[in-house]
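Please read the points below beside the model itself.

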Amino acid sequence: MRKASKREKKAIYRYNEEDERTLLEDILGFVKVFAITAIVILVFMNFIAHPIKVNGKSMDPTLEDGEFGFTSLASVWLNQINRYDIVVVTTQQDMTDSQTGETTNETIQIVKRVIGMPGDTVSCIDDEIYINGAKLDEDYIDPDYIKECREKYGYFNQIEQISTDDEGRTIVDYVDFPEVTLGEDEYFVMGDNRPVSKDSRDSAIGVIQRNQIYGVGVLVLYPFDELGLKG
């Protein structure tokens, strides 16, 4: 078998050297792409949009329990919060451990719709919502759905009132919630499924401060048959 000449050995050496250099460049290129991708994802999720999962039925039928998507953070910073917008709100809620029975106050995120804007007076008259004395037009909720809720629960926008009679028996009634005038940077939010929604009508949540609004809008990605921006 013929031995490689010195010239051939040099050529092989140069080839291997160039091959190693190319491999190193490939590794560095991969690291660079990975780092840039990670930065883009971090920027996107912390400054532009953030993943959100819908929990519960308070936004039925617009948003259903278990739907997953993204909410816009940029809209909050750009002060693009308008009436009727769906918003993600940060609030506090007492949570009870099913095992220990201990109750802790935790920060949670809830999805609601903006009904009242700063400076508005929000009122409920005969189970209808009024803003500054004018009846609120809520064409985003199917009238048939409202009708079904009223037939099922006996109300749609009102709140539960519990009292006792002279004999100590508990009486549950449904009444118009108290009128409220919003201050600067205050918002009144409600779920689309009013009879089961805990929102600004509930004293545990109350009116929302602007700094509690985490995101605006929900772009549903899953389930796939519900793909799209919900409003």
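1. At 28% relative accessibility, Glu 226 counts as partly exposed, where buried means under 20% relative accessible area, exposed over 50%, and partly exposed in between (1.4 Å probe, protein chains only). Its side chain meets that of Lys 230 in a salt bridge, at 3.1 Å from N to O, and Lys 230 is buried, with a relative accessible area of 16%. A salt bridge is here a side-chain nitrogen of Lys or Arg within 4 Å of a carboxyl oxygen of Asp or Glu.

2. This is a predicted model, in which local features need pLDDT of at least 70 and side-chain atom pairs count only at pLDDT 80 or more, while totals for chains, interfaces and linings use all residues. Residues are numbered from 1 along each chain as its sequence is written, and side-chain values use heavy atoms, with hydrogens and water left out.

3. On confidence, the chain averages a pLDDT of 85, and 81% of the residues score at least 70; pLDDT is the predictor's confidence in each residue, from 0 to 100. Over residues 11-15 the pLDDT stays under 50, and for this stretch the model has 0 contacts beyond four places in sequence, a contact being heavy atoms within 4.5 Å. Where pLDDT is low, the predicted coordinates should not be read in detail.

4. The chain holds 3 helices and 14 strands, taken as DSSP runs numbered from the N terminus (helices H or I, at least four residues; strands E, at least two). Of its 231 residues, 33% count as buried. Among contacts between residues at least 6 apart in sequence, 59% join residues at least 24 apart.

5. Which residues have the most contacts inside the largest nonpolar core? That core has 16 residues, and the ones in question are Ile 115, Val 122, Ile 129, Phe 177 and Phe 188; a nonpolar core is a set of buried Ala, Val, Leu, Ile, Met, Phe, Trp, Tyr and Cys residues joined through side-chain atoms within 4.5 Å. At least two residues of this core come from each of strand E5 (121-125), strand E6 (128-131), helix H3 (143-153) and E11, and H3 gives the most, with 3 residues. A second, separate core of 14 residues includes Val 76, Ile 81, Tyr 187 and Ile 208.

6. Ile 129 deserves a look of its own. Leaving aside residues up to four places away in sequence, Ile 129 touches, among others, Ile 115, Val 122, Phe 177 and Met 190, and also Glu 138 and Arg 194. The side chains of Glu 138 and Arg 194 themselves meet in a salt bridge, at 2.4 Å from N to O. This pair links distant parts of the chain, with Glu 138 in the loop between strand E7 (134-135) and H3, and Arg 194 in the loop between E11 and strand E12 (208-209), 56 residues apart. Both Glu 138 and Arg 194 are buried.

7. The count comes to 11 salt bridges. One of them joins the side chains of Arg 150 and Glu 128, at 3.5 Å from N to O; Arg 150 lies in helix H3 and Glu 128 in strand E6, so the pair ties together parts that are 22 residues apart in sequence. Arg 150 is partly exposed, with a relative accessible area of 28%, and Glu 128 is also partly exposed, at 23%.

8. From C-alpha to C-alpha, Val 189 and Asp 85 are 9.5 Å apart in space, although 104 residues apart in sequence.

9. Gln 158, in the loop between H3 and strand E8 (159-164), counts as buried at 14% relative accessibility. Not counting residues up to four places away in sequence, Gln 158 touches residues including Cys 124, Asp 127, Tyr 174 and Arg 201.
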